[in-house]
Amino acid sequence: MAIPAKPSASFSVACLLAAIFLFSSAPRSHGGSIAIYWGQNGNEGTLAETCSTGNYGFVNIAFLCSFGSGQSPQLNLAGHCDPYSNACTNLTADINLCQSKGVKVMLSIGGGAGGYTLNSDQDAADLALYIWNSFLGGSSPSSKRPFGDAVLDGVDFDIEGGNPDYYGALASHLKSYSGKGSKSKEVYLSAAPQCPFPDQWVGKALDTGLFDYVWVQFYNNPPCQFVQGNPANLMDSWKQWTTGVHAKYIFLGLPAAPAAAGSGFIPAASLESQVLPALKGSSKYGGVMLWSKFYDDQDGYSSAIKNSV
């Protein structure tokens, strides 16, 4: 066998530079995290148990389901606790535990039930002040705070109704509290729009550019969700969201089990092989959002996908 000639030094340097250029200019994939909704089923385990799985980077406590138009805001956590008998203060230690593990805990407002709308900028300012004093870094006595003296990391907009004209004002008022209060914490904002672009309810709010995380619900909407063997609709919609929304990170929102939604569930193997590799090419890729902890418990979806997310 002939011995190949040794390449010249200049040739070796040229090859090395070419390799560096190709590597630096190629799309780079990166890892993300999993966001989960918790609070709408008393059989989904405690908040502390949820964070102790190690599967989640975000937990959205759902929902502050009634607010605006002069009504007293109402928190509904299904079978977990009754906030009106001061019973939800037992979540104080759970929230602190989650945050000690690096999990961001958000208050999710809206949802598919309850009654809510904002009809003016003042309406939005009043709600922001209530949320600040009741759940964030405000100065209300802990006896008036549903979760005691625990300070949540931010607010999630799971808006499915109401007047879409003032949710942007709410986002602006909430963001204005960043760095204030005794703990000087950032107030993070997230949103869970439907995948048809722009979203009917929070599209205008997202135009403010104030949102840190947007977990788009790629389910219950066949024109923009995954179809087995043909992810084109989802990919086209994903591109629209990542290029059309000024947010730090976009998440792929999915049902955690087939029963969690009418359509749009993606088997773990398909998610890993057909979907995530393409999404990770975007610098805005943040990970996967799942509805919900109760359904995630049914088949261990987050455990199956977390190493690929």
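A cavity here is a set of points, on a 1 Å grid over the protein atoms alone, where a 1.4 Å probe fits but cannot get out. Its volume is the space filled by probe spheres set on the points, which are joined across faces, edges and corners.

Before you click around: this is a predicted model, where local features need pLDDT of at least 70, side-chain atom pairs count only at pLDDT 80 or more, and totals for chains, interfaces and linings use all residues. Residues are numbered from 1 along each chain as its sequence is written, and side-chain values use heavy atoms, with hydrogens and water left out.

**Stop one: the cavity.** Select its lining (residues with an atom within 4 Å of a point), including Trp132, Leu136, Lys180, Lys183, Lys185 and Glu186. By class, you get five nonpolar, one polar and four charged residues; Ala, Val, Leu, Ile, Met, Phe, Trp, Tyr, Cys and Pro count as nonpolar, Asp, Glu, Lys and Arg as charged, and the others, Gly among them, as polar.

**Stop two: the pocket.** Now try the largest pocket (an open set with protein on both sides within 12 Å along at least five of seven lines), with about 190 Å³ of space. Of its 15 lining residues, pick Asp158, Glu160, Gln217, Tyr219 and Trp291, the closest to its centre. The whole lining has eight nonpolar, five polar and two charged residues.

**Last stop: a helix pair.** Select Leu234, Met235 and Trp238 in H7, which meet Gln274, Val275, Ala278 and Leu279 in H8 (contact means heavy atoms within 4.5 Å). Those contact residues divide into six nonpolar, one polar and no charged.

Note on methods:
Helices (H or I, at least four residues) and strands (E, at least two) are DSSP runs, numbered from the N terminus.
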